[in-house]
Amino acid sequence: MTTTTPFPTATILGYPRIGRGRELKRAVEAHWAGRLDADGLRTAEAELRHATHERLIELGLGRDDASIPETFALYDQVLDAISLIGAVPQRFAGREGLDLHFALARGDATVAPLEMTKWFDTNYHYLVPEIGPDTPIRLTDRTVVDRFAQALGWGVTTRPVLVGPVTLLALAKAADGAPAGWSPLERLDEVVAAYRAALALLAEAGAPWAQLDEPALVSDNLPTPRGLLIEAAGRAYRRLAAPDAGPRPALLVTTPYGDGAAALPALAAAGVEAIHLDLVRAGVPEAPGPRALAGTTLVGGVVDGRNIWAADLAEAADRLEALRRVAESSGASGTAVATSTSLQHVPHDTALEHWDDPVLDTALHDWLAFADQKVGEVTTLARGLRAGRSAIASEIARSQKVLAERAEAPGVCVPAVRARVASLTEADRARVGYPVREAAQARRLGLPNLPTTTIGSFPQTADIRRARAAHARGELDDAAYESRIKAEVARVIALQEEIGLDVLVHGEPERNDMVQYFAEQFAGFAVTREGWVQSYGSRCTRPSILWGDVWRPEPITVPWTAYAQSLTSRPVKGMLTGPVTIIAWSFPREDIPLSEVGDQIALALRDEVADLEDAGTPVIQVDEPALRELLPLEASRHADYLAWAVGAFRAATAGVRPETQIHTHLCYSEFGQILDAIAGLDADVTSIEAARSRMEVLPELAAHGFARGIGPGVWDIHSPRVPSVEELAGLIGAAARTVPVHQLWVNPDCGLKTRAYPETEATLRNLVQAARTVRERIGAAAARRPAFTQSHDADQALTGVRPAGSIDL
Ligand SMILES: Nc1nc2c(c(=O)[nH]1)N[C@@H](CNc1ccc(C(=O)N[C@@H](CCC(=O)N[C@@H](CCC(=O)N[C@@H](CCC(=O)O)C(=O)O)C(=O)O)C(=O)O)cc1)CN2
Ligand code: MET
Ligand SMILES: [Zn+2]
């Protein structure tokens with residue numbers, strides 16, 4: 001180590017990258033559209049980072065003490081780490097610079113992108129590294145050094161941040177062609193060597209500190225057991241921190257999103273200079289022993305990076321004092337204050353909201369802390385830690401007053417809502433048996449084998465978004481907006497009829513977002529105008545603020561769905577978002593258990609489901625794409641979570657008659673740990689993401705005995721590529737090899753809102769044609785072998801292989 005700069009007493013783990021006015025989204029999308037060249041994009045990046053540094057200094061972080069983390073990424077922090085070590089799959093050969101960067105992220109005309117999946121238990125998506133025994137791994141990219149040096153040129157000493165080597169490999173998938181059972185962690189030594197080289201360059205550029213994020217060390221939901229990851233981290237950091245390996249910055253290793261206590265001894269023994277613990281998700285750890293933390297600063301993540309609530313400063317100060325006692329009794333060199341996670345999960349600044357307009361309840365202002373307010377909380381708490389609690393007495397008093405006011409505010413507790421939740425019974429969560437429903441629904445709907453449908457949304461055109469923006473500004477009146485949306489619904493219905501889909505949707509043109517739209521209609525929520533948070537790449541959402549008891553003042557989707565149904569004789573599917581997903585993609589209150597919030601939302605949805613049914617809607621889909629996302633990272637908390645999550649879905653849907661068909665939709669393929677829960681939802685039909693993993697999930701589901709309708713997605717909607725009829729028929733055929741044909745539906749992976757019309761129309765036509773082709777094959781097979789059950793017949797027709805145990809007739 002070459003530096004003795006002490007760790008700053010106040011810091012944050014990371015800051016939003018999108019910019020206060022979504023400048024990053026605009027610049028990156030302009031670049032993709034060919035309107036901004038590479039230099040222009042680099043300039044936009046520099047302006048954004050420079051503005052961020054100056055803002056953080058204004059908010060109280062230091063210009064030259066390494067308290068400002070550099071967490072910028074053009075697209076994704078994991079992609080930046082992949083680039084750092086040059087772990088680029090062979091299929092991207094021949095590309096370089098920004099073209100390579102964005103080809104990895106989004107694919108291009110000839111190459112499929114890296115997979116994208118959820119980052120721990122958040123709604124942020126990262127790009128999944130593909131690493132095999134032969135993937136090149138060596139330092140090939142200086143971006144992290146260039147960013148540091150550029151900021152130094154502006155007079156700011158930042159703290160470069162990288163996804164840590166263990167987390168990078170723990171999140172990687174084995175590249176195609178790797179031997180069965182091979183794990184990317186087998187490449188840890190080489191990855192560590194590449195990181196060591198990067199640290200040497202950072203030291204040379206003058207960086208006193210670097211931050212390595214290791215959230216994998218808190219998760220039981222990864223393929224490698226947590227104990228092995230911690231052991232691997234011990235090895236990796238001993239090498240990264242080795243005193244004889246040349247100059248490097250001092251190292252901060254972070255363990256956000258969960259309980260890092262188990263990793264503390266291994267990290268401390270490895271000799272890293274600072275260790276961060278998430279003290280929001282976990283308690284203060286036991287002291288590890290008299291000299292166990294010698295030479296290490298303990299960094300207490302007490303300001304929540306995942307919520308938007310103003311901190312309880314008294315409670316946070318208590319935790320910090322407890323942490324300091326642990327540090328002192330273990331020989332640590334200091335204690336510092338930080339956020340529990342990066343602030344990338346929260347909006348920039350409450351000051352960007354229009355507090356004088358009725359969208360946001362003014363009373364809420366004092367209850368909230370977005371990223372900039374959280375920086376203020378960190379600096380306040382650091383002052384308390386340095387100078388004693390009395391130094392921040394007035395801030396603590398104000399925090400107590402706000403919390404007390406909030407508890408008493410109207411709408412926070414609505415007795416009628418509480419009573420209705422308390423009176424929910426198991427019978428309210430149960431439908432009649434599936435065979436009865438299946439027969440009643442078959443009679444009512446009269447669908448062919450392999451019915452075709454979509455997941456709900458059709459492309460959100462710029463024209464619709466413009467109309468909605470004009471409506472929000474008051475430039476388009478209610479009647480004009482409504483007729484614009486109705487015209488869109490009519491167009492989408494006519495298109496689906498013409499293409500020949502079996503179960504139609506209204507297309508969701510009236511929704512800004514599948515969660516925010518409901519939050520705007522339910523009591524108990526507030527929505528923001530400028531509270532954007534990055535979801536992936538350039539795509540952002542404005543998570544709603546769930547602050548009070550939830551209920552439904554009036555029907556929400558019924559008029560749109562009924563209008564759509566009035567235009568066609570084919571069944572139209574009503575479309576709702578489920579309780580877990582509404583919670584996951586909002587900022588929920590924390591003063592009552594999530595299980596109770598879930599049941600409140602479920603009952604509001606139950607009323608909507610009943611009204612849709614009464615209006616004659618034969619099929620109702622309740623989307624739960626976030627079911628897997630909210631699965632707690634600790635295995636010990638899985639059962640409780642899954643019980644309330646499934647219970648809430650059932651409370652929302654179980655009130656319908658047997659002949660009403662309930663669908664659900666889940667995306668994000670890692671279904672392995674939640675198969676019981678998926679079955680427990682008791683939906684008549686479940687559509688799931690499957691195209692990218694080539695139907696991998698189906699054998700698992702089949703082995704699980706899943707006996708209801710299932711729609712494995714055959715079109716990966718994340719790319720504009722149009723799959724051919726043969727390709728789609730092949731996927732449907734693959735599905736029919738594992739799942740009886742009478743259970744199978746044919747649909748895309750997810751909604752089409754981010755797609756455009758050309759590829760949407762072309763693919764849906766191919767999808768309908770592919771379903772017809774496979775139906776004909778099955779029909780022919782059934783005619784040839786009349787004595788066989790239809791589903792087995794289909795299996796043979798599609799594969800030429802007899803199912804195990806079948807009789808050759
Ligand atoms: N909340 C949520 N999380 C989710 C998903 C989801 O659908 N919702 N899907 C999965 C994938 N994640 C996604 C996240 C965002 C988007 C997305 O499309 N975001 C849009 C914004 C969607 C939105 O809120 N649209 C609003 C506001 C649009 C807007 O930016 N309007 C302009 C004005 C438009 C104009 O005048 O032309 C502005 O405000 O500047 C609307 O349609 O009303 C974007 O970043 O571009 C898609 C998928 C997982 N997580
Ligand atoms: C992210 S899941 C999306 C489901 C929604 N019904 C849609 O089609 O857009
Ligand atoms: Zn989806």
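A residue is counted as near a molecule if its C-beta atom, placed from the backbone, lies within 6 Å of it. In this predicted model, 19 residues stand around ligand 1, and those that come nearest are A469, N512, S535, T541 and W585. Two elements, α15 (462–472) and β14 (539–541), each give two or more residues to this shell.

Helix α15 supplies the largest share of the shell around ligand 1, namely five residues. Sorted by class, the shell is made up of six nonpolar, six polar and seven charged residues.

## The seven-stranded sheet

Seven strands form an open sheet whose pairing is parallel, and their order across the sheet is β1-β5-β7-β8-β9-β10-β11. The edges are taken by β1 (68–70) and β11 (334–339), and because each of these has a single partner strand, one side of each is left without a neighbour in the sheet. When direction is ignored, neighbouring strands of this sheet are turned by 30 degrees against each other on average.

Strand β5 (residues 158–163) pairs with strand β7 (residues 209–213) in the parallel sense, over three bridges, and L162 has L212 in β7 as its bridge partner.

## The three-stranded sheet

Another open sheet is formed by three strands in the order β12-β15-β17, and its pairing is mixed. Here β12 (523–526) and β17 (586–588) stand at the edges with a single partner strand each, so that one side of each has no neighbour in the sheet. From one strand to the next, the twist averages 30 degrees.

Strand β12 and strand β15 (residues 544–551) run antiparallel and are joined by three bridges, and the partner of A523 in β15 is W551. Helix α20 (residues 594–614) packs on this sheet, where it touches β15 and β17, and the direction of α20 makes about 70 degrees with that of β15.

## Helices α1 and α2

Two packed helices are described by the angle between their axes and the distance between the axes. For helix α1 (residues 23–32) and helix α2 (residues 38–58), the axes come within 10 Å and cross at roughly 175 degrees. Since angles over 145 degrees count as roughly antiparallel, α1 and α2 are therefore roughly antiparallel to each other.

On the side of α1, the contact is made by E23, L24, A27 and H31, while α2 contributes L41, A44 and L48. The residues of this contact of α1 with α2 divide into five nonpolar, one polar and one charged.

## Helices α16 and α18

Helix α16 (residues 478–499) packs against helix α18 (residues 558–566) at an angle of about 45 degrees, and their axes are 10 Å apart. With this angle, α16 and α18 are therefore oblique to each other, and α16 passes α18 in a right-handed crossing.

Where the two helices meet, α16 brings K486, V489 and I493, and α18 brings W560, Y563 and A564. By class, the residues of the contact of α16 with α18 comprise five nonpolar, no polar and one charged.

Technical notes
Residues are numbered from 1 along each chain as its sequence is written. Chains are lettered from A and ligands numbered from 1 in the order in which they are written. This is a predicted model: local features need pLDDT of at least 70, side-chain atom pairs count only at pLDDT 80 or more; totals for chains, interfaces and linings use all residues. Axes are lines fitted to C-alpha atoms, for helices over the stretch in contact, and angles run from 0 to 180 degrees between N-to-C directions. Helices (H or I, at least four residues) and strands (E, at least two) are DSSP runs, numbered from the N terminus. Angles under 35 degrees count as roughly parallel, over 145 as roughly antiparallel, 65 to 115 as roughly perpendicular and the rest as oblique. A crossing is left-handed if the near helix is turned anticlockwise from the far one by less than a right angle, and right-handed if clockwise. Two residues are in contact if their C-beta atoms, placed from the backbone, lie within 7 Å. Ala, Val, Leu, Ile, Met, Phe, Trp, Tyr, Cys and Pro count as nonpolar, Asp, Glu, Lys and Arg as charged, and the others, Gly among them, as polar. Two strands pair if DSSP finds at least two bridges between them.
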